Amino acid sequence: GVQGVDLDALPLALQAGSVRSVNVVLLGVAARFLGFEPDVWLEILRTTVPPRTVSVNEQAFRLGYDAR
């Protein structure tokens, strides 16, 4: 079957520290359904985002991953 998620990612991005992290919130939501451990995604984030944004992006990912 198909699973859907109804989520307003903007408040979670703001909670993480930047409106620009809304896409990473959504990545966190999607990651729950893709079968990889969160640590795999977080390591990819750490190596691909600008160093000054790592903390915000990690928080955004975790908020998205944990959103229900």
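I began with burial: of the 68 residues of the protein, 37% count as buried (under 20% relative accessible area; exposed is over 50%, partly exposed in between; 1.4 Å probe, protein chains only). I note that this is a predicted model, in which local features need pLDDT of at least 70 and side-chain atom pairs pLDDT 80 or more, while totals for chains, interfaces and linings use all residues. Residues are numbered from 1 along each chain as its sequence is written, and side-chain values use heavy atoms, without hydrogens and water.

I then looked up the secondary structure, which comes to four helices and zero strands (DSSP runs numbered from the N terminus: helices H or I, at least four residues; strands E, at least two). I recorded that the C-alpha trace spans about 40 × 25 × 15 Å along its principal axes.

Next I turned to helix H3, residues 38–48, and found Pro38, Trp41, Leu42 and Leu45 to be its buried residues. They lie on the same side of H3, because they cover an arc of only 100 degrees around the axis (taken from the directions from the helix axis to the C-beta atoms). The buried residues of H3 pack against helix H2 (22–34) and helix H4 (54–66). On the face turned away from the buried side I found the exposed residues Asp39 and Thr47.

Finally I checked isoleucine 44, which lies in helix H3. Isoleucine 44 counts as partly exposed because its relative accessibility is 43%.

How values were computed: Contact = heavy atoms within 4.5 Å.
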